[in-house]
Amino acid sequence: MLHGRRVECHLIDEMLAAADRGEAQVGVLHGGAGVGKTALLRYARERAGDMTVLEALGVEPESHLPFAGLHMLLRPVASSIRSIPAVQAEALRAALGATPAAQLTNRFLIGAALVSLLAEVADHQAVLCLVDDAQWLDRDSLQAMMFASRRLGQDRFCMLLTHRDAVGEEAPPAELTRGARLIPVPPLDADAVEHVLDGLTVNLDRRARVAVAKAAQGNPLALMELSGESLLGSSPSGDEPSVMSRIERAYARRASILSPQAQEFLCLASTDDTGDVLMLGAVARSWGLEPEVVEEAAHAGLISVHSSGLRFTHPLVRSGIYNSSTLRLRERSHLALADALHVRDPDGALWHRATATPPPDEELANALAQLAERARDRGARVQAARAFRRAAYFTTRPELCEAWLIDGAEAAWSGGDVSLTKQLLADERLQAPSGAVGGRVGYLRGRVESQTGDVRVGYEILVRTAESQAATDAPFAAAVLADALRAASLAGDFARVVDAGTRAEALISRSGDLPQACLAAGAAAMLRQDFPKGARLLSETITGLEGSDDPADLVSAAVAAAYLGRVSVCRDLARAAVTRCRESAAVGSLTTALEMLAIIELGVSPQRAAECAVEGLELAKDTEQVPHQAVHLSILATVDAVRGDRDAAEARARAVADLAQQHSLAFAHARALAALGLLELGLGRAEQALLHLDRLLTENVHPAVVFSTLPDYVEAACRAGERDKARVGLERLEALGQATGATAAVRGLLDRTRALLAPPDEAERLLARAVAELTGADSPFELARTRLLLGEHLRRRRQRAQARPHLRAASELFEELQADPWAARASTELRATGESVSRSGEALPRLTPQEHQISTLVAAGGTSKEVAAQLFISPRTVDYHLRKVFVKLGISSRRELMRFDLDEDDDVPSHNG
């Protein structure tokens with residue numbers, strides 16, 4: 001019976017019931033050691049009914065083993081791996097060591113494979129995953145589990161994890177908390193403490209009960225384990241030990257009264273991470289220990305032996321015995337286990353040997369480096385990083401030490417462990433590296449700073465690194481400068497963008513036209529208004545990168561196309577990058593590719609832009625890419641602004657402002673300010689719009705953001721009666737407009753904006769020409785706004801008949817784009833011309849971004865499994881959203897959806913890659 005845990009048990013019951021209904025659940029039970037978290041997992045197992053129960057246990061000595069936790073969790077359902085997509089199945093088998101890794105496995109491909117596998121199992125029977133002591137699970141397994149658990153939204157699935165809070169820690173780390181229900185497990189209250197004490201087999205007098213209750217501090221394990229201890233009187237030092245220390249000491253004292261042989265066996269067992277009774281027995285016999293020592297330790301309540309192996313009755317038993325054993329005995333145990341595991345588990349044997357061997361040892365160092373490479377090939381990047389660090393510890397050769405440390409840092413970064421990455425980069429042995437290692441160190445430091453710190457600092461690190469490598473490795477220096485350009489752009493820093501380009505030009509003059517260097521140099525040339533040179537360099541970037549299989553190269557080519565104003569080319573390249581990312585589960589690059597695509601789609605289809613940004617935002621959180629989180633939030637704020645959703649737009653703009661302040665993200669912040677300006681302009685509040693947009697002209701903002709916002713600025717200024725400001729804005733727009741090239745979209749925006757300050761006859765001519773330019777420019781939102789302005793202008797001049805077609809077309813476009821305030825404004829103007837505004841049929845209900853995305857892929861012929869694999873969700877989640885789409889659209893089958901009108905600007909978009 002669980003005393004004092006009624007609330008926690010009720011929450012677990014609720015979660016199990018919800019999972020059985022097809023509402024996936026994730027919960028994290030957290031609290032101090034011995035507080036009863038494992039007992040609550042036992043309660044969940046007892047209440048699981050006919051659910052498939054999968055279990056994993058984090059064991060501290062196993063935390064270095066690649067995918068040890070995942071292997072334990074999936075053992076009962078490993079046969080189902082054959083039912084998931086082949087690429088995912090291959091990656092998962094390689095991660096589990098069942099097949100050799102043919103290539104470096106992407107860690108998110110393993111997470112995606114786990115989504116498919118758990119969804120496959122849950123499709124037949126509800127699944128309960130129980131993960132005890134998650135703080136000791138190997139990091140690669142934990143990341144895969146949490147990635148999967150957040151994507152099983154409509155599956156019969158529940159995951160419960162326990163996490164031991166460190167002293168002073170109020171909540172588990174962020175990687176556990178996002179998307180999970182936190183269930184704190186506090187100390188027991190006084191009534192529950194009394195019930196526990198009443199149930200003890202030891203009879204305590206009142207004075208002893210008070211002493212035990214005081215020492216245990218509401219910890220149920222402590223109440224049971226300290227009841228036999230002498231707790232009366234004060235600590236000799238005057239300092240009261242923590243509850244965990246008291247329990248560990250109690251277990252150590254219980255072990256100390258056993259025979260010396262039993263104590264030796266317990267130290268050996270506490271060093272082992274397999275629980276293999278036969279192996280431990282063989283080692284014990286080689287030490288001259290009798291089999292009775294196992295029974296002696298079990299009788300003392302310290303271990304238990306099952307068919308699955310030997311287990312300590314609590315993790316604190318293991319740590320208490322190990323920590324109280326002599327150093328010599330611990331080393332002897334590790335070496336004995338290394339010998340025992342040499343054949344069946346050479347990697348595990350190597351870790352034991354490394355624990356017991358003092359440095360230096362070159363042979364051991366090389367063996368650990370090879371172990372790290374094997375772990376990296378399996379996709380266990382964090383475990384590889386730890387092995388590389390250990391290898392560096394054992395070598396006396398500086399060049400190997402530096403190489404292994406940077407190998408480890410790169411593995412930790414690609415494995416998503418930012419803390420470990422920073423620790424390795426901060427190692428004193430990497431503070432003055434030279435040659436290629438120095439370049440790799442600088443490049444990684446710049447990337448880490450750009451993604452998690454201050455992008456301006458990241459920029460400075462990157463350009464210094466590029467300069468140091470330019471003479472010896474020009475292609476590498478070019479790639480570093482391309483990243484420096486991105487950092488400068490995220491900082492919204494015009495001067496740094498130009499500086500990166502100038503450095504790239506110098507590199508090109510020495511080493512030829514490297515595509516990545518051409519990107520930086522071309523962008524800078526365009527911003528300096530050297531248009532012929534910029535166009536040539538950016539075109540060479542596109543030519544050099546558009547055929548690449550690397551999604552990052554495709555994104556770079558898309559950026560080049562955007563600078564040239566080649567919108568359709570930019571969209572095609574961004575879509576190709578998204579497709580490549582999905583095929584390889586390159587989630588980190590997918591975040592950037594979706595960002596690029598979303599920005600392009602904003603003017604074409606806000607719905608598709610939102611679809612990209614919603615997915616991109618979640619993936620940016622998964623990969624801890626803070627700058628891209630901010631950009632995706634700013635895109636969603638813009639979509640909210642188009643739709644007139646003030647609360648959502650302002651909330652997202654505030655979130656962007658918070659991130660921008662912490663990380664110097666002026667680009668995203670400027671986009672969020674522009675979104676607020678557009679929101680107010682659409683709602684007819686020109687003065688408020690101008691307050692937001694004014695800041696974009698006075699602060700250091702990337703010219704691309706300024707250019708895209710200046711038409712709004714001029715319109716807001718004109719409507720607010722601030723014509724001098726409007727003239728200044730028009731002058732800047734015309735100057736910047738030349739830098740983007742004379743595309744139809746640019747010409748149309750320039751003419752529309754000029755019309756706002758022109759005499760009436762000239763304004764009508766300019767607006768008519770702008771409508772003609774924008775009609776074929778694939779910019780429906782800007783076309784609708786231009787038609788609205790022309791219709792308003794004609795109505796004011798009493799040309800009502802001529803105004804009606806433009807206002808009607810604007811109203812229809814705004815309706816299709818879900819731009820509610822703009823549609824309302826167009827309808828009001830249309831009624832003012834004397835036309836009765838009515839709709840022949842009821843508008844299609846609006847699809848959410850995820851419904852929109854799924855319906856697109858299904859309409860293109862994708863099965864639920866295929867769509868799920870692309871979007872890293874489960875087939876059941878696909879079907880759930882598809883049913884909602886059918887209801888909203890009034891259809892009943894996929895065949896009808898395929899025949900549905902999927903025009904680019906309709907409520908249901910065409911497949912965007």
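The crossing of helices α1 and α2 is right-handed. In this predicted model, α1 covers residues 6-20 and α2 covers residues 37-46. Their axes come within 10 Å and cross at roughly 40°. Angles under 35 degrees count as roughly parallel. On the α1 side, the contact is made by Glu-8, Cys-9, Ile-12, Asp-13 and Leu-16. On the α2 side, Leu-40, Tyr-43 and Ala-44 take part. Six of the residues in this contact are nonpolar and two are charged. No polar residue is found there.

A second helix pair was examined in the same terms. Two packed helices are described by the angle between their axes and the distance between the axes. Helix α34 spans residues 666-682, and helix α36 spans residues 703-719. The two pack at an angle of about 30°, with their axes 10 Å apart. An angle under 35 degrees counts as roughly parallel, and α34 and α36 are therefore roughly parallel to each other. Their crossing is left-handed. From α34, the contact involves Phe-667, Ala-670, Arg-671, Ala-674, Leu-678 and Leu-681. These meet Val-705, Thr-709, Asp-712, Glu-715, Ala-716 and Arg-719 in α36. The contact of α34 with α36 holds seven nonpolar residues, one polar residue and four charged residues.

Phi of Ser-664 is near 60°, a positive value in a residue other than glycine. Ser-664 has a relative accessible area of 14%. Buried means under 20%, so Ser-664 is buried.

Asp-133 also has a positive phi, of about 55°, although it is not a glycine. Asp-133 lies in the loop between β3 (127-132) and α6 (139-149). The relative accessibility of Asp-133 is 6%. With the limit for buried residues at 20%, Asp-133 therefore counts as buried.

Another backbone feature involves two prolines. The peptide bond from Pro-359 to Pro-360 is cis, with omega near -5°. Pro-360 is in the loop between α17 (346-356) and α18 (362-377).

Leu-335 belongs to helix α16, which runs over residues 327-341. Its relative accessibility is 32%. Buried residues are under 20% and exposed ones over 50%, so Leu-335 counts as partly exposed. Leaving aside neighbours within four places in sequence, Leu-335 is in contact with Arg-353 and Ala-356. Leu-335 and Leu-350 are 15 residues apart along the chain. Their C-alpha atoms are separated by 9.5 Å.

Thr-786 sits in helix α40 (residues 780-796). Is Thr-786 buried or exposed? Its relative accessible area is 0%, so Thr-786 is buried. The side chain of Thr-786 makes a polar contact with the side chain of Arg-752, at 3.2 Å. Thr-786 also touches Leu-767, Ala-770, Val-771 and Leu-774, not counting residues up to four places away in sequence.

Methods
Residues numbered from 1 in each chain as written. Predicted model: local features only at pLDDT ≥ 70, side-chain atom pairs only at ≥ 80, totals over all residues. Heavy atoms only, no water. Axes fitted to C-alpha atoms, helices over the stretch in contact; angles between N-to-C directions. Helix = DSSP H or I, 4+ residues; strand = E, 2+ residues; numbered from the N terminus. Parallel < 35°, antiparallel > 145°, perpendicular 65-115°, else oblique. Left-handed = near helix turned anticlockwise from the far one by under 90°. Contact = heavy atoms within 4.5 Å. Nonpolar A, V, L, I, M, F, W, Y, C, P; charged D, E, K, R; others polar. Buried < 20%, exposed > 50% of the residue type's maximum accessible area, 1.4 Å probe, protein only. Polar contact = N/O pair within 3.5 Å; in protein donor to acceptor, adjacent residues only side chain to side chain.
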